[in-house]
Amino acid sequence: MSMNIVIIGAQWGDEGKGKVVDMLAQDFDVVVRSQGGNNAGHTVAVDGKTYVFSLIPSGIAHPGKRCFIGNGVVLDPVAFCLELDRLSGQGLRITPHNLAISRKAHMIMPYHKLLDQAREKSRGTSKIGTTGRGIGPCYEDKAARIGIRLADMENESLLYSKIEMALKEKNALLAGLYGQQCLRVEDIMEEIRPATARMIPFLADIQDEMEELWKKGGKILFEGAQGTHLDIDHGTYPFVTSSNTISGGAATGSGIAPWKLTRIIGITKAYTTRVGSGPFPTELNDAAGDRLREQGGEFGTITGRPRRCGWLDAVVLRESVRLNGLTEIAMTKLDVLSGMDSVNICTAYVYKGQHILYPPQEENGLAEATPVYDELPGWKDNIGSADSMEKLPSSARAYIRKIEDICGIPAKIISVGPDRKQTIIKS
Ligand code: IMP
């Protein structure tokens, strides 16, 4: 019987999805990325070596494992080649034998990056805090039906005419609104040609392969990027990314039928972090927050920005359970909480005088929500070598149980350190 699992960030991204994907990948035939782009940064540590994946699925760290990049991803060809070279330099072999990319995925062009950065700059104090990688403008063009798809790489005259057409509008914006120089189609072609030439052999019909695999009872693992509360529809709009980060995005972003997604695992840190702007009710702007940042190494993998840190927000998790249909939780970085006298879990908000269990839906409503905390005893022991639940201190077990009770689903994977081996898998 075919088994397809979706890995979803249950918070605002950076939950440690890369590690969980890497752990599970050995039991799957294929690992698929279905949304986002090189705004993501998935870190995998294996035997003292650390790999950072941005566009390429983390499953590629397993020799012989096949990986797909789906139609829902936006892909910068130059960034893709840089990542390919960086990972090859670390000894990973990436060829069309183990990586296939959908022809339907959209291409991030130089003007997308320029517009992303110029627009952020012009927003002044209301910045989104984007990664500046052109992700939003590329998805905008996709929706506006003026996007450039990877298939267009295979037809240079079509590619040229599409860029020429797009530049009419882009140059008007870049020069007229943002005071920048106009771009020339020839320069763009020259800039991207070496990268597109390297990418063409990777282009494939991944839907076809997934269907064949499904018929044979194969197993597919979907590697979500960003997190549920950065979802373009359901996240803390407008402080969100531009794709559907929830589990439904795995279906639309790869072409698999939704009913073929059998298990949905929500990844949550044992606390909460967020990068970029936007409301964050449990944020700690004090020594406890600084401690989480230092102990947890909470600095952006891609941008190096310090992450905002705070207590675990179970209201955010509750929403993730229902939006994604989570069947279980994987909790990461439990070890970072070790050494605290007590730990807090936000179980509800007070919003406009009411006690609420789910995030408010008004624009920026979360900014007005006050967290209601349950204080639990902390634990002092170093738990980095615990390999079973029994080896965790009783207060750490009680912390996990409380989260399971609130979410109504089991926490089946508990990560107690960055290495693949530092993981407790509950039977
Ligand atoms: P964009 O995706 O670059 O447009 O950025 C939009 C928002 O999503 C910003 O607040 C980013 O910091 C955030 N974001 C994008 N990708 C990630 C990620 O992989 N982890 C955490 N936050 C992200």
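Trp12 and Phe280 are both buried in this structure, which is a predicted model. The two residues also form an aromatic pair.

**Aromatic pairs**
- Searching the whole structure turns up 5 aromatic pairs.
- One of these is the pair of Trp12 and Phe280, with ring centres 5.6 Å apart and an angle of 50° between the planes.
- Trp12 and Phe280 are 268 residues apart, so the pair links distant parts of the chain.
- Trp12 belongs to the loop between strand E1 (3-9) and helix H1 (17-25).
- Phe280 belongs to the loop between strand E12 (272-274) and helix H9 (287-296).

**Charges over rings**
- The ring of Tyr358 has the charged end of Arg322 over it, 3.8 Å from the ring centre.
- Phe28 has Lys219 over its face, and the distance to the ring centre is 5.9 Å.

**Packing of helices H2 and H6**
- Two packed helices are described by the distance between their axes and the angle between those axes.
- Helix H2 covers residues 77-89 and helix H6 covers residues 185-199.
- Their axes come within 8 Å and cross at roughly 60°, which means that H2 is oblique to H6.
- The crossing of H2 and H6 is left-handed.
- On the H2 side, the contact involves Pro77, Val78, Phe80, Cys81, Leu84 and Asp85.
- On the H6 side, these residues meet Glu191, Ala195, Thr196, Arg198 and Met199.

Notes: Residues are numbered from 1 along each chain as its sequence is written. This is a predicted model: local features need pLDDT of at least 70, side-chain atom pairs count only at pLDDT 80 or more; totals for chains, interfaces and linings use all residues. Side-chain values use heavy atoms; hydrogens and water are left out. Rings of Phe, Tyr and Trp (its six-membered ring) pair if their centres lie within 6.5 Å; planes under 30 degrees apart count as stacked, over 60 as edge-to-face and the rest as tilted. Helices (H or I, at least four residues) and strands (E, at least two) are DSSP runs, numbered from the N terminus. Buried means under 20% relative accessible area, exposed over 50%, partly exposed in between (1.4 Å probe, protein chains only). A charge sits over a ring if NZ of Lys or CZ of Arg is within 6 Å of the ring centre and within 35 degrees of the ring normal. Axes are lines fitted to C-alpha atoms, for helices over the stretch in contact, and angles run from 0 to 180 degrees between N-to-C directions. Angles under 35 degrees count as roughly parallel, over 145 as roughly antiparallel, 65 to 115 as roughly perpendicular and the rest as oblique. A crossing is left-handed if the near helix is turned anticlockwise from the far one by less than a right angle, and right-handed if clockwise. Contact means heavy atoms within 4.5 Å.
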